[in-house]
Amino acid sequence: MNKEKTKTVLIDSFLELIRKTSAELPPDIITALTYYAKQEDANTKASWAVELMEENIKLAKEKSAPLCQDTGSLLFYVDYHSGLGVSTLELKSAIQKAVILATEKGYLRQNSINSITGKNEPSNVGPSHPHILFEEQGEEFIDARLILKGGGCENVGVQYSLPHAPLSAGRDLEGAKRVILDAVLQAQGKGCSPGYLGVCIGGDRSSGYEESKRQLLRAVSDENPLPELKHLEQEIVEMANQLGIGPMGFGGKTTLFGCKIGHLNRLPASFFVTISYMCWSYRRQGMRLASDFTISKWHY
Ligand code: SF4
């Protein structure tokens, strides 16, 4: 395939990834959200909020329209194979072009602000917009995943440095549990609950946040290979759902509908626990590109 044709097919594939991510919640997320939301008592503010969410999810898919007015930060994770004849520069260019087209078509809101001038960047392309993380892998395909992360839930993400005296949180899993639950308590309804947590134990200030967001790529059914973290993930959801915060902070039984926890090595002097909070509008999707760069399957 010549370079021009490759570019066109790549742009089309990334454009479809953006459209689908913006308009359609993946089935595993809908199932998890619905499972927890069913626990709410009928005719309460909590149950009405959940009904509105369910209606929104249905309408957005039917109309191929953004699920939320905040189409969020675009976080791309691209695993590529160097033998396929397309460089990361070409992939980046195709992604940026797809973002511009997706904005023109209304799949994305004009959502990118120059932090110095305060001016809106109408194309949605600028420094770190979109944010793209490339990784080379050995298989002969390209896997590209996308998270659209809204500002409201991003604002309640937080990083704790342990030991954390106010919460008596030491440098162990019990300490991690205390600060994770504190993050949920502090967020209240502000992150558009029910939420879903991506957590990283360890790492440094930047790798901790990166890994905590990467945890949000895991399928709901993905079991943590470490029994102690698998147990902690379940415990966090159970305990958070006893806090009474509920959907959109209206009170109720559904505050979290999932939690995924990863870990990175750390320095002896540091012990960070980093929490990324995802709102109910948990937009993530992934595609596999075949050797002709068309979409061969969806990951979620
Ligand atoms: S936090 Fe999520 S649901 Fe709330 S406004 Fe932002 S993107 Fe929308």
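Guide: Start with a convention: Ala, Val, Leu, Ile, Met, Phe, Trp, Tyr, Cys and Pro count as nonpolar, Asp, Glu, Lys and Arg as charged, and the others, Gly among them, as polar. By that scheme, the shell around the ligand has four nonpolar, six polar and one charged residue. This is a predicted model: local features need pLDDT of at least 70, side-chain atom pairs count only at pLDDT 80 or more, and totals for chains, interfaces and linings use all residues. Residues are numbered from 1 along each chain as its sequence is written.

Visitor: Which residues are around the ligand?
Guide: C68, D70, G72, G150, G151, G152, C153, G191, C192, C279 and S281.

Visitor: Why does the ligand lie between the domains?
Guide: Because domain 1 (3-24 + 67-150 + 283-298) and domain 2 (152-278) both give residues to its shell. The bounds come from an automatic or database domain assignment.

Visitor: New topic. What is the strand order in the open sheet?
Guide: β2-β1-β3-β8-β9, with mixed pairing. Strands are DSSP runs of E, at least two residues, and helices are runs of H or I, at least four, numbered from the N terminus. Pairing takes at least two DSSP bridges.

Visitor: Which strands are at the edges?
Guide: β2 (131-136) and β9 (295-298), each pairing on one side only.

Visitor: And how many bridges join β1 to β2?
Guide: Six, and the two strands run parallel.

Note on methods. A residue is near a molecule or strand if its C-beta atom, placed from the backbone, lies within 6 Å of it.
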